[in-house]
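Here are my notes on the model, point by point. Please read them with the structure open.

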Amino acid sequence: MKTIIETAMEFFQTQLKQSDSSKQYLINRGFTEDDFDDIGVGHNPGYEVTVNHLQRNEFTQTEIDAVFPNLKALDSYQIVIPYYDPEGILKSIWGRLSIPGNPYKDQSTYLPFTDPAPKDTLFNLHKVKGKESIVLVEGFFDALLAYQRGVAAVAAADSYLRKEQIETAIGINHMTLVFDNDEAGEAGMEKAILDLANADIASDVFNYPAEFQSSGTSIKDPADFINHKGVESFKKSLDFGTEDSWFWYAFSFIDNHQDLDLFDETIVTEIAKSVVVLPEVIRNILEPDLREQLPTVALKVETLKRKKAL
């Protein structure tokens with residue numbers, strides 16, 4: 001017998017075939033109608049219609065309210081996304097706000113229909129089971145589109161990677177980080193590099209081609225890249241346009257701290273403390289640049305290391 005969450009997701013998937021607006025949304029995101037069954041997303045026809053369907057399948061209102069406490073308020077979240085655990089068992093259902101023009105400025109773009117809905121495993125991880133090297137992106141649709149086009153992609157489902165997600169990525173020993181092309185994406189990659197290094201998972205960082213900046217082409221995420229330049233160009237950039245994450249981190253660290261008041265003892269001490277706790281392999285790469293470009297920080301790092309050794 002199917003669970004209530006499985007019954008609801010199957011219903012949403014059948015509803016997609018009847019929704020021109022949701023199908024058009026997915027087409028605009030780069031999918032074809034041939035992709036719809038494979039990616040497994042659906043359409044939310046609204047609270048009342050969904051509840052009626054579940055009740056016809058002998059689920060009570062109490063059961064519905066317990067599993068879907070958020071559903072009644074989310075009729076405008078018409079794109080439905082299933083979130084599976086590493087073994088392929090459906091664990092939660094998410095909705096994507098799809099009203100044209102996005103009039104709900106204070107609302108999150110994605111919200112869960114189900115409760116609980118922890119992001120404690122990587123999205124799409126069940127599809128790449130057995131892979132030792134994968135591509136890590138931020139968004140649901142970045143992962144779905146890349147995977148459909150032949151890239152072993154999973155998503156953090158956020159701008160940062162959770163430690164619980166790393167713990168469930170069993171058997172994976174390398175990740176290529178392709179976060180969004182913005183400040184939040186850069187900050188998320190910095191954190192991910194450290195967390196992956198502490199978990200003995202190697203990583204490298206995807207660099208969006210400089211031509212996008214000079215040409216004015218707006219490429220904000222992997223799905224944009226694939227839709228603008230094609231998946232073969234994306235795969236080529238994965239092969240030849242990545243940078244060792246430790247060197248990328250060192251450059252980013254220097255760049256992010258150059259404009260601070262490096263004669264303020266408190267600021268210098270805080271920066272130095274953040275360097276001392278870095279994994280040794282990253283610190284060894286970073287420290288020569290510190291001595292050259294942030295000498296006050298480098299001196300403080302040496303002081304802290306000597307104190308730690310005592």
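1. Lys300 counts as buried because its relative accessibility is 19%; buried means under 20% relative accessible area, exposed over 50%, and partly exposed in between, with a 1.4 Å probe and protein chains only. The residue belongs to helix α15 (residues 295–309). Helices (H or I, at least four residues) and strands (E, at least two) are DSSP runs, numbered from the N terminus. Leaving aside residues up to four places away in sequence, Lys300 touches Glu265, Val268, Thr269 and Ala272, where contact means heavy atoms within 4.5 Å.

2. On the basis of these notes: this is a predicted model, in which local features need pLDDT of at least 70 and side-chain atom pairs count only at pLDDT 80 or more, while totals for chains, interfaces and linings use all residues. Residues are numbered from 1 along each chain as its sequence is written, and side-chain values use heavy atoms, with hydrogens and water left out.

3. The open sheet has 5 strands in the order β6-β5-β7-β8-β9, and its pairing is mixed; two strands pair if DSSP finds at least two bridges between them. At the edges are β6 and β9 (242–244), each of which pairs on one side only. From one strand to the next, the twist averages 35°. Helix α12 (residues 245–257) packs on this sheet and touches β8 (202–206) and β9, its direction making about 85° with that of β9.

4. Strand β5 (residues 133–137) is largely enclosed by the rest of the structure, because 4 of its 5 residues are buried. It runs parallel to β7 (residues 174–178), with 5 bridges joining the two, and Val135 stands opposite Thr176 in β7. β5 is also parallel to β6 (residues 153–155), through 3 bridges. Here Leu136 stands opposite Val154. Between β5 and β6 the chain passes through helix α6 (residues 140–148), a right-handed β-α-β crossover: with the strands pointing away from the viewer, the path from the first strand over the helix to the second runs clockwise.

5. Helices α10 (residues 222–229) and α11 (residues 231–240) pack at about 125°, their axes 6 Å apart. That makes α10 oblique to α11, since angles under 35 degrees count as roughly parallel, over 145 as roughly antiparallel, 65 to 115 as roughly perpendicular and the rest as oblique. Axes are lines fitted to C-alpha atoms, for helices over the stretch in contact, and angles run from 0 to 180 degrees between N-to-C directions. Pro222, Phe225, Ile226 and Lys229 in α10 meet Val231, Ser233, Phe234 and Ser237 in α11.
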